[in-house]
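Please look over the sequence and the structure below. The report that follows goes through the salt bridges, the domains and a few local features.

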Amino acid sequence: MSAPTLQTGADGRLRHLLTVEGLPRPRLEELLNTAESFLGVTQREVKKVPLLRGKTVVNLFFESSTRTRTTFELAAKRLSADVINLSVSTSATVKGESLLDTLRNLEAMHADIFVVRHGTSGAAHFIAQHCLPHVAVLNAGDGRHAHPTQALLDVFTIRRHKPNFDQIKVAIVGDILNSRVARSQIHALTILDTAEVRVVAPRTLLPVGIESLGVKVFTDLTQGLAGVDVIIMLRLQKERMRGALLPSEHEYYRQFGLTEARLQGAHPEAIVMHPGPINRGVEIDSSVADGARSVILEQVTNGIAIRMAAMSLIMGTRTQDGREVG
Ligand code: NCD
C-alpha cells in the first residue's frame, strides 16, 4: 500500500480528488469501473440513485466552464445530492473576500463536497488543506496544473473503445504547454501502462523537460500521428499564453490542424477526442470533429458517469456524521 497523501488516506482510499499524478492504479481502475456501473443509471428513465441523498455539493467556479460545471451538477443531482452553483461573477471574492473566508461561509452552510475550478495552480490543494475534515474537495481544473476528472473521463472513453492500454499508441496534439488536461492525461495513461504516449506540438507549445514524463515528443503532425490508435486534440489556450507563441491561427491550422487527410496517417480504427471547447478550423476541421471517428460527444456523456463515480467513492469513505470510515 502506498504512503498516505492529501488525497488518499492511510487506508489507501480516496479522501479528495486533486490530481491523477501518484494515484495508485487500483484506485484509478476503481473509479473507471464505478463509472461503468453508473452509465446504466444515466440511460434509465429515472436517472437517479440515492447515494448522496442529504449531502450538499457546492460547485465553486472561479473560472468559467460549461461542460465541466454542468456535468458535475448533473452527476451530483443523479446521486440525489443538493447542489449549489457559485461562480466568481456572483461570489463575494469580487467584493474582496478571501478564499478562506468564502470557504468558512460555505462550511457554515454544511457543504459536504466542494468542486473547485480556479485559475491558479494549487488552489484545490489549498482548499483541501484548509477545509473541515468532513469536507471533500474535487479539483475541476486548477491553472495549468491538473484536471483529474477530465483525464479520467478521457481514459474511460478510450477504454470503452480500446480496452488494452498496453497495446495502444496515443497522440496528444496541440497546446501542451498551457494544458492542465494534457498533464493529467499523461499521468493517467502512464498509470495504465499505455504502450506509447506521444505529444505533438510546435516547440513553443511544449513545456521544457516534458520527455521526463515518459512521452515521445514530435514537432511534426504527420510523423506524430503515424499509426496511432487515439488522437486527442487540444484547444489553443490563448487566455494562458504569455507573449506571441504562434505566428497565426491560420498558420497553426496549416501545420497542426487535424484534417481528414491528416487523419489518414493514423490507424484506420483510430478514435478522435477533444476535451472541448473545440475551435473549428483552428485545431480541428469540422468534418473530423463531426466525423465517424470522433467520440467527442461520448466524452461529454461519460463525464457524468466519471463525476458520479468520483463523488460517490469519496463520500463512501466517510460516515453519516462526516468522519472517515476507520
Ligand atoms: C478544458 C479545461 O478547462 O481545462 N476544458 C474542459 O474542462 N472541458 C480544456 C480547455 O479549456 O481547453
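## Salt bridges and domains

By the rule used here, the count of salt bridges in this predicted model comes to 13. Four salt bridges are found across the interface of domain 1 and domain 2.

| Residues in the salt bridge | Distance, N to O |
|---|---|
| Arg 160 and Glu 36 | 2.2 Å |
| Glu 29 and Arg 25 | 3.1 Å |

Glu 29 and Arg 25 both belong to helix α1, where they are four residues apart, about one turn of the helix. The domain assignment gives domain 1 as residues 25-147 + 301-315, and domain 2 as residues 148-299.

## Where the two domains meet

How far apart are the centres of domain 1 and domain 2? Taken over C-alpha atoms, the separation is 26 Å. At the interface, 28 residues of domain 1 are in contact with 30 residues of domain 2. The area buried between domain 1 and domain 2 is about 2500 Å². Carbon and sulfur atoms give 53% of that area. On the side of domain 1, the residues that lose the most area to domain 2 are Arg 144, His 147 and Asn 302. Together, Arg 144, His 147 and Asn 302 account for 31% of what the side of domain 1 buries.

Polar contacts also cross between the domains. The rule finds 19 residue pairs in polar contact across the interface of domain 1 and domain 2, both residues being at pLDDT 80 or more. Which elements supply at least two residues each to the side of domain 1 that touches domain 2? They are the helices α1 (25-43), α2 (67-78) and α11 (296-315), together with the strands β3 (113-118) and β4 (136-142). Helix α1 gives the largest share of this side, with nine residues. Sorted by class, the side of domain 1 that touches domain 2 has eight nonpolar, 11 polar and nine charged residues.

## Helix α8

How many aromatic pairs does a search of the whole structure find? The search finds one. This aromatic pair is formed by Tyr 252 and Phe 256, and it is stacked. The ring centres are 5.6 Å apart, and the angle between the planes is 25°. Tyr 252 and Phe 256 both lie in helix α8 (residues 249-256), four residues apart, which is about one turn of the helix.

Arg 254 is also in helix α8. The side chain of Arg 254 is joined to the side chain of Glu 251 by a polar contact of 3.0 Å. Along the chain, Arg 254 and Glu 283 are 29 residues apart, and their C-alpha atoms are separated by 9.2 Å.

## Two backbone features in loops

Two loops have a backbone feature to look at. Gly 276 and Pro 277 are joined by a cis peptide bond, with omega of about -5°. Pro 277 is in the loop between β9 (271-273) and α10 (286-289).

Where is His 110 found? His 110 lies in the loop between α3 (99-108) and β3. His 110 is not a glycine, yet it has a positive phi of about 65°.

Definitions and conventions
Residues numbered from 1 in each chain as written. Predicted model: local features only at pLDDT ≥ 70, side-chain atom pairs only at ≥ 80, totals over all residues. Heavy atoms only, no water. Domains from an automatic or database assignment. Contact = heavy atoms within 4.5 Å. Buried area = accessible area lost by both parts, 1.4 Å probe. Salt bridge = Lys/Arg side-chain N within 4 Å of Asp/Glu carboxyl O. Polar contact = N/O pair within 3.5 Å; in protein donor to acceptor, adjacent residues only side chain to side chain. Nonpolar A, V, L, I, M, F, W, Y, C, P; charged D, E, K, R; others polar. Phe/Tyr/Trp six-rings, centres within 6.5 Å; stacked < 30°, edge-to-face > 60°.
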